[in-house]
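Dear colleague,

Please find below the structure that I am handing over to you. My notes on it follow directly after.

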Amino acid sequence: TEYNVPPTYQSLLWMLANMVIFAILTWYFDNVDESNKGKTVSYYFCFDKQYWLGTKRTTRFIKLVEESNEINVNDADNKEGIESVRKEREKVIAQEEQFDINNADDNNNNELNGISIIGASKDYYLNKTFFCQSKKVLHALKPTYLHIPFGELFTLLGHNGAGKSTLLNILTGNLSPTGGNAKIGSADLSTGLYSLIGLCPQHDILWDELTAREHIQLYCKLRSKLLSYNNIDYKEEVINDVITDKLTSVNLLNVADDRVGTYSGGMKRRLSILLSTIGNQKVIFLDEPTTGLDPVNRRFIWKMIQELKSNLAIILTTHSMAEADFLSDR
């Protein structure tokens, strides 16, 4: 029996042809099959010029975003909340306009007293692929206007999915905003705020193999290296003083050389908050800093946070109304 085996290049060409054919079929049926997205397009959509130009998609996306951003003035149950939102927005916009006017006059000493969030928002265009149309827009964060001056602790309250972590991720540079901006003095989201902020995330980012002393040494050297232009210079003799002062403030000096893996949850949380204060911060973000802690550790951290805010703006997220009531200025 004789076998006719095609050459390798011919097999590869057939495989490539099959890939192209099945990719086109997948794209086509993904659009016209109602079970995929809950809504179909016409069977001849691929011959529609507007589909390829994206006119329909772009117009619909902008319209949905604008509709979602409108304040429901007829919401009788929340008139007080709506009015406070409107006043805050007007204050931030007026402050931003004055800031721009002063900068135009070459006033180099013009600095915002705190952090201003100017319409920062985040929208996701769902189900978007190279070939397929999108049907939904997810508004992870509607345009937000806030000004938190130095010396104030501002608490963000909201249910899961309200947008608290999204806002923090935008301000810390982990997410790019769909619109709006945020400023600390002359620095904004486009230039990066990381040189002026500290972050204590919801979950501790610590290395169990390192000691508290080694954590602080590492953070000091990183800050000194990355932010040298911001006049932060932690020399060896300075680092030793920083370690002593910082660990004393959180009552961890006696365990400075113990591995963090042996620490309790409260001790790890204190160390995480301490690390967020290393550097020339103007604003510190605390994402649910006392979640899962016992009442003794919770009270200790509350006292620690109150002492931190003297020259800083602190933005706190929490689900605890008692914590918000105890710590918040606003």
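I197 has V283 of β7 as its bridge partner. This belongs to the pairing of β6 with β7, which runs in the parallel sense over four bridges.

As to confidence, the protein has an average pLDDT of 80, and 81% of its residues score at least 70. Among its elements, β3 has the highest mean pLDDT, at 92, while helix α4 (residues 55-69) has the lowest, at 51. Where pLDDT is low, the predicted coordinates should not be read in detail.

In overall terms, the protein comprises eleven helices and eight strands. Of its 330 residues, 38% are buried. Among contacts with a separation of 6 or more, 68% are between residues 24 or more positions apart.

The buried residues are G266, M267, R269, R270, L271, S272, I273, L274 and L275. One of them, S272, has a relative accessible area of 6% and is therefore counted as buried. The side chain of S272 makes a polar contact of 2.7 Å with that of D204. Beyond residues up to four places away in sequence, S272 touches C200, D204 and L206.

How is α9 placed relative to helix α10 (residues 295-308)? The two helices pack at an angle of about 10 degrees, and their axes are 10 Å apart. The angle makes α9 roughly parallel to α10. On the α9 side the contact is made by G266, R269, R270, I273 and L274, and on the α10 side by N297, F300, I301, M304 and L308. An α-helix has 3.6 residues a turn, so residues three or four places apart point the same way.

The loops around α9 also hold several points of interest. N251 lies in the loop between α8 (236-249) and α9, and its phi is positive, near 60 degrees, although N251 is a residue other than glycine. Most residues other than glycine have a negative phi. E288, in the loop between β7 and α10, likewise has a positive phi, of about 50 degrees, and is not a glycine. With a relative accessibility of 9%, E288 counts as buried. In the loop between α9 and β7 (283-287) one finds N280, which is partly exposed at a relative accessible area of 32%.

Helix α6 (residues 164-171) has six of its eight residues buried, so the rest of the structure largely encloses it. Its buried residues are K164, T166, L167, L168, I170 and L171. Just after α6, G173 adopts a positive phi of about 90 degrees.

The C-alpha atoms of A120 and I170 are 8.0 Å apart, although the two residues are 50 apart in sequence. Apart from its neighbours within four places in sequence, A120 is in contact with L141, K142, P143, T144, G179, G180 and N181.

With kind regards

Note on methods: Residues are numbered from 1 along each chain as its sequence is written. Side-chain values use heavy atoms; hydrogens and water are left out. Buried means under 20% relative accessible area, exposed over 50%, partly exposed in between (1.4 Å probe, protein chains only). A polar contact is a pair of N or O atoms within 3.5 Å; within protein, one must be able to donate a hydrogen and the other to accept it, and residues adjacent in sequence count only if both atoms are side-chain atoms. Contact means heavy atoms within 4.5 Å. Two strands pair if DSSP finds at least two bridges between them. pLDDT is the predictor's confidence in each residue, from 0 to 100. Axes are lines fitted to C-alpha atoms, for helices over the stretch in contact, and angles run from 0 to 180 degrees between N-to-C directions. Angles under 35 degrees count as roughly parallel, over 145 as roughly antiparallel, 65 to 115 as roughly perpendicular and the rest as oblique.
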